[in-house]
Amino acid sequence: MFCRIVAGEIPATMVRETPTTLAFRDIDPKAPVHVLVIPKEHYADVATLAQGDSALAGEVLATAAAVAEDEGLLGDGFRLMFNTGTYGGQEVFHAHAHLLGGAPLGPMLARSVA
């Protein structure tokens with residue numbers, strides 16, 4: 001799906017684009033600000049991205065930081081989250097960061113793991 005957004009085949013509300021990354025609003029936001037930041041090149045998850053192109057992984061982080069600044073999140077803070085694999089809750093198998101903020105986000109996990 002994200003490769004199709006990169007190709008312009010699926011519309012998205014873009015908030016930032018660089019030569020190597022895209023940032024766009026999540027269609028099912030979990031916070032007042034919920035932006036997805038992706039590399040334009042396909043990597044299945046953040047682990048394969050980091051192993052395959054660490055410079056591009058850094059560019060994803062730099063784009064996320066720039067979006068956080070643009071969205072006014074630096075003062076109160078934000079959460080940047082990568083879901084990886086089945087146990088991590090990954091639903092779209094294209095590396096992507098969730099940038100969440102704009103209100104208190106609460107605990108990182110909804111329940112404790114015993």
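Predicted model: local features only at pLDDT ≥ 70, side-chain atom pairs only at ≥ 80, totals over all residues.

Contact here means heavy atoms within 4.5 Å. Residues are numbered from 1 along each chain as its sequence is written, and side-chain values use heavy atoms, with hydrogens and water left out.

**Stop 1: around A12**

Stay on A12. Its place is the loop between helix 1 (2–6) and strand 1. Helices (H or I, at least four residues) and strands (E, at least two) are DSSP runs, numbered from the N terminus. Is A12 buried, exposed or partly exposed? A12 is partly exposed, with a relative accessible area of 29%. The scale is this: buried is under 20% relative accessible area, exposed is over 50%, and partly exposed is in between (1.4 Å probe, protein chains only). A12 and V60 are 48 residues apart along the chain, and their C-alpha atoms are separated by 18 Å.

**Stop 2: the whole chain**

Zoom out and switch to cartoon. Count three helices and five strands. From the N terminus on, the order is α-β-β-β-α-α-β-β. The radius of gyration is 14 Å, close to the 13 Å that the globule rule gives for 114 residues, so the chain is as compact as a globular protein of that length. That radius is taken over C-alpha atoms, and the rule is 2.2 Å times the number of residues to the power 0.38. Along the principal axes, the C-alpha atoms fill a box of roughly 35 × 35 × 25 Å.

Switch to a surface. The chain exposes about 6800 Å², and carbon and sulfur atoms supply 57% of this area. Accessible areas come from the Shrake-Rupley method with a 1.4 Å probe; for residues, only the protein chains shown count as cover. Of the 114 residues, 32% count as buried. Among contacts between residues at least 6 apart in sequence, 50% join residues at least 24 apart.

**Stop 3: V33**

Select V33, in strand 3. V33 is buried, with a relative accessible area of 8%. What does V33 contact beyond its neighbours within four places in sequence? The list is E71, L73, L99, L100 and G101. V33 and H94 are 61 residues apart along the chain, with 21 Å between their C-alpha atoms.

**Stop 4: charges and salt bridges**

Colour by charge. There are 7 positive and 13 negative side chains, and the centres of the two sets lie 6 Å apart. Lys and Arg count as positive, Asp and Glu as negative; His and the chain ends are not counted. Each charge is placed at NZ of Lys, CZ of Arg, CG of Asp or CD of Glu.

Side chains of opposite charge can pair when their charged atoms come close. How many salt bridges does the structure hold? It holds five. A salt bridge is a side-chain nitrogen of Lys or Arg within 4 Å of a carboxyl oxygen of Asp or Glu.

Start with K40 and E17. Their closest N and O atoms are 2.7 Å apart. This pair links distant parts of the chain: K40 sits in the loop between strand 3 (33–39) and helix 2 (46–52), E17 in strand 1 (residues 14–17). They are 23 residues apart in sequence and 9.5 Å apart in space, C-alpha to C-alpha. K40 is partly exposed at 22%, whereas E17 is exposed at 53%. Leaving aside neighbours within four places in sequence, the contacts of K40 include V6, T18, P19 and H94.

Move to R25 and E71. The closest N and O atoms of this salt bridge are 2.7 Å apart. R25 lies in strand 2 (residues 21–25), and E71 lies 46 residues away, in the loop between helix 3 (54–70) and strand 4 (78–81). R25 counts as partly exposed at 32% relative accessibility. E71 counts as partly exposed at 25%.

Finish at K30 and D28. Their side chains meet in a salt bridge of 2.7 Å, N to O. K30 is exposed at 60%, while D28 is partly exposed at 45%.
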